[in-house]
Amino acid sequence: MEDAAGAAPSPPPAEREREREREQEDEDEDEDEEALHVAKRRKVLCSEFAAITSSDAAVARRFLASNGWHMESMEAEKSIILISIDLTADATTSNAGVNSENPPQKEDDSNFSLITWNIDGLDLGNLKDRARGVCTYLALYSPDVVFLQEVIPPYLLLLQMKAGNYTIIPGNIDEYFTVIMLKKSRVKLLKHEIIPFPTTAMKRNLLVVHVSISGIELCLMTSHLESTKNHAKERIKQLQIVLNEMQKESETTTVIFGGDTNLRDSEVTKLGNLPDNIKDIWEFLDKPQHCRYTWDTQSNTNLNAAYKCKMRFDRVYFRPALEGGHFIPRSMDLIGLEKLECGRFPSDHWGILCNFDVVL
């Protein structure tokens, strides 16, 4: 009883309510102050990033947001995006070339060109120099379509900034992924989809885009199939998915698949070889030896591998349309064969350049 009698009297309900309101106001003020601080910090980060990359605020905000607003984790990004090579013949602004005295030459509707290349974005060594090398080749050949594998976020940003004359479709935006690039002056994007590989252990998938070229519908696919000899079973399953998807397309549509397949010939044989209506372009062109091996540790020293190995990992398949316009493979060559000034090649893979005749 004495304890109860000696206890401090509780404040009236009205006063307790006012105390709660004051506490809530203090919390709200703290939250407002924190939000203001975050907003200011992000604005500064956007300004810093835009200055470093010569990009605008919108690009900076989008890329920083996708990286969790962590500038300290972006040293690789800083090194790669400080590159001045444009993949366009002129500036990549919306009115580029409109008033030019030398307007762009008319596209040759009788020819179609494609590059597929694993650019080894996971190798951070000489990243800036090798990225410049890749961009130089793309600018040199100006292909209608580009398939890239092992693209990392800073590479994607570089392409978005410097390749304004291409529509760029990534197969993902995290870690490493594939990308398809479509030359805007020639290739009209109709739709695209990403088909997962359900049992991949390496986050691999199949990127599919439907396009129109000179009024002809074309289905384009790229992938980076499961890597290393120990994952042959999964790689064969993924190849089967690719072939199934190629077969699903309308018979009036030409289908072209290209990418880093990591395939050994024995694995294709184990699957029962390719369907009769799907052609390996290298084989279709009578197996030209100058472009047989796309991964060659003897000629390509980027890996400093103690072993010597030559493989045809990178392949291009096509399923011709039964009617309508046709794309007929004409030639295949390797690119990226020259060492850069840094003493390394653009990638540990050679790129493949394919040219097709277009019959309207």
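Modeller: Strand S14 (residues 351–359) is largely enclosed by the rest of the structure, because seven of its nine residues are buried. Buried means under 20% relative accessible area, exposed over 50%, and partly exposed in between, with a 1.4 Å probe and protein chains only. Helices (H or I, at least four residues) and strands (E, at least two) are DSSP runs numbered from the N terminus. This is a predicted model, in which local features need pLDDT of at least 70 and side-chain atom pairs count only at pLDDT 80 or more, while totals for chains, interfaces and linings use all residues. Residues are numbered from 1 along each chain as its sequence is written, and side-chain values use heavy atoms, with hydrogens and water left out.

Colleague: Which residue of S14 does Ser 113 stand opposite?

Modeller: Two strands pair if DSSP finds at least two bridges between them. Strand S1 (residues 111–118) pairs with S14 in the antiparallel sense over six bridges. In S14, the residue that Ser 113 stands opposite is Asn 355.

Colleague: And which residue in S14 is the bridge partner of Asp 333?

Modeller: Strand S13 (residues 326–335) runs antiparallel to S14, and nine bridges join the two. The bridge partner of Asp 333 in S14 is Leu 353.

Colleague: Which are the edge strands of the open sheet of six strands?

Modeller: The open sheet has the order S5-S6-S7-S8-S12-S9, with mixed pairing. Two of these strands pair on one side only, and they are strand S5 (187–196) and strand S9 (279–280).

Colleague: How many disulfides does the structure hold?

Modeller: A disulfide is a pair of cysteine sulfur atoms within 2.5 Å. Among the cysteines, Cys 135 is buried because its relative accessible area is 1%, whereas Cys 309 counts as partly exposed at 22%. The number of disulfides in the structure is zero.

Colleague: Where in the chain do Asp 144 and Arg 186 lie, and how many residues apart are they?

Modeller: The side chains of Asp 144 and Arg 186 meet in a salt bridge (3.1 Å, N to O), a term that requires a side-chain nitrogen of Lys or Arg within 4 Å of a carboxyl oxygen of Asp or Glu. Asp 144 counts as buried at 3% relative accessibility, and Arg 186 is buried as well at 7%. Asp 144 lies in the loop between H5 and strand S2 (145–151) and Arg 186 in the loop between strand S4 (177–183) and S5, so that the pair links distant parts of the chain, 42 residues apart.

Colleague: What is the relative accessible area of Lys 203?

Modeller: Lys 203 and Glu 175 meet through their side chains in a salt bridge (2.4 Å, N to O). Glu 175 counts as partly exposed at 48% relative accessibility. Lys 203 is exposed, because its relative accessible area is 53%.
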